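Dear colleague,

Please find below the structure that I am handing over to you. My notes on it follow directly after.

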Amino acid sequence: MADPLKSERTIIENCAIATVDANDTEYASGHLVVNGNRIESLGPGPAPEGLENVARRIDGTGQLLTPGLINTHHHFYQWLTRGLATDANLFDWLVALYPIWARIDEEMVHAAARGSLGMMARGGVTTAADHHYVFPRGGGDLLGAEVRAAAELGVRFTAARGSMDRGESDGGLPPDFAVESLDGALAETERAIDKYHDASFGSMLHIAVAPCSPFSVSTELMRQGAELARRKGVRLHTHGSETAEEEKFCHEMFGMGPTDYFESTGWLGEDVWMAHCVHMTDSDIEAFGRTRTGVAHCPSSNARLGAGIARVPDMLAAGVPVGLGVDGTASNESGELHTELRNALLVNRLGPHKESALDVRRALRLGTYGGAQVLGRAPETGSLEAGKLADAVLWKLDGIGHSTIADPVAALVLGAAAPVTLSLVNGKPVVADGRLLGADEDEIARGARDQARRLARIAADAA
Ligand SMILES: [Zn+2]
């Protein structure tokens, strides 16, 4: 019987393993031993005999074990506004949706976060970042609602506390009542860091400073946001170089391109990651590589909004850390990271690099270790190595969808979304046999639908 005073072990064996370590070590049949919240050992063949305090022993025959997937860019609240403005480009899409988003409240954001996180978790995501930047007056504690949802579902979380202070009357896109003042945004961001940010090894919750984008935020908020993040030792996140229109806006407004503007406001550095980075010149990519500024590559959203193809192979060659992001589900209704693994590979092969662009192992690396790098978690998670956190996913590859695909990593990346047999976060199961353990999926679906209808009603009444 397990000794309750000792940390429990979980053993997974007889499965293929893709560790995504520095050497891309793989085992055709191997084992992984978890002790408490850490990986104790892994290797080829069965687990060593005689291990004590084994709470779970899992036979992984016909399955692939990988590090947990890491999502580096999202907007959970958009779970309530999926399937709208499906033929619009970014600016038109924003103009259509801001009046609706400006009516969100705490109850809606909680339901949306449960939907977003639940969908990702059941698809093998173990660490998720969310960029929340819409804080309507009187909306309640929206960031707290997200933090609560992540804890309920057991997902490791980076809450990027966003902000906007350039409303319609200042030449921005969002309605004035959905933006904050410069001082108010900075004070609330600092309050969120003080209240929630846990910098310890294995932390389940980070806060990042995350003004929305150059065209919805004042230069002063960019500059002072960077100062705040560095004073507090937290990371910085924003949208960068997403569209050709944004590039034009930066030239007209600031007399320089987005990357030069970011550099001038203190926004390049190894503590920064930016979503998209589609429209980058050679010198922009060189600047990102030199400063180790990270990128959240969101291929499905970029395709949905017709933004273009980010130059991921060039970024990787320049030493830029690159992770994957689903982006908000108003521009990527799937909300699963599997589609990004697949689309990162496919979309980049449609770009200038063709067949040499990305392979299945590099796609898996973007979705795991690359994500850990851009979120500042690479020493803790993102690969299966002894001593790292036990964030791991067992994928079923012997079913109808995958049993004839020769290479398990190709099956995972290029095949249909594989069922998750087991997902561990911090050594704890959060998904078993394809079902969430921390919440009822039907209840999440009903709750999100009810809140989506409530939001549509309130927005229609206000229009
Ligand atoms: Zn985004």
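A crossover is called right-handed if, with the strands pointing away from the viewer, the path from the first strand over the helix to the second runs clockwise. Helices (H or I, at least four residues) and strands (E, at least two) are DSSP runs, numbered from the N terminus. The model is a predicted one: local features need pLDDT of at least 70, side-chain atom pairs count only at pLDDT 80 or more, and totals for chains, interfaces and linings use all residues. Residues are numbered from 1 along each chain as its sequence is written.

I begin with the strands around β9. Strand β8 (residues 156-163), helix α4 (residues 182-196) and β9 form a right-handed β-α-β unit. β8 and β9 pair in the parallel sense over 7 bridges, where pairing requires that DSSP finds at least two bridges between two strands. On its other pairing, β9 runs parallel to strand β10 (residues 235-240) over 2 bridges, and Val 209 stands opposite Leu 236 in β10. The chain passes from β9 to β10 through helix α5 (residues 219-232), in a β-α-β crossover that is right-handed. Of the 7 residues of β9 (residues 205-211), 6 are buried, so this strand is largely enclosed by the rest of the structure. Buried here denotes 20 or more other C-beta atoms within 10 Å of the residue's own (exposed: 12 or fewer; partly exposed: in between), with C-beta atoms placed from the backbone.

Phe 157 belongs to β8 and stands opposite Leu 205 in β9. Phe 157 is buried, with 23 other C-beta atoms within 10 Å. Leaving aside neighbours within four places in sequence, Phe 157 is in contact with Ala 128, Ala 150, Met 204 and Leu 205; contact means that the C-beta atoms, placed from the backbone, lie within 7 Å. Phe 157 and Ser 203 are 46 residues apart in sequence, yet their C-alpha atoms are 8.7 Å apart in space.

Turning to the domains, the chain is divided into domain 1 (9-67 + 388-436) and domain 2 (69-374), with bounds that come from an automatic or database domain assignment. Their centres, taken over C-alpha atoms, are separated by 29 Å. Domain 1 gives 25 residues to the contact and domain 2 gives 26. On the side of domain 1 that touches domain 2, α13 (408-414) is one of the elements that supply at least two residues, and the largest share, 5 residues, comes from α13.

β15 (420-425) is another of those elements. All 6 of the 6 residues of β15 are buried, so this strand is largely enclosed by the rest of the structure. β15 pairs in the antiparallel sense with β14 over 4 bridges, and with β16 likewise antiparallel over 4 bridges. Ser 423 in β15 is the bridge partner of Val 393, and Val 431 in β16 is the bridge partner of Ser 423. β15 and β16 form a hairpin with 2 residues between them, and Asn 426 in the turn has a positive phi of about 55°.

Finally, the largest nonpolar core has 139 residues, and those with the most contacts inside it are Leu 32, Ala 112, Val 155 and Val 295. Such a core is a set of buried Ala, Val, Leu, Ile, Met, Phe, Trp, Tyr and Cys residues joined through C-beta atoms within 7 Å. Domain 1 and domain 2 both give residues to this core, so it lies between them.

With kind regards

Terms used:
Two residues are in contact if their C-beta atoms, placed from the backbone, lie within 7 Å.
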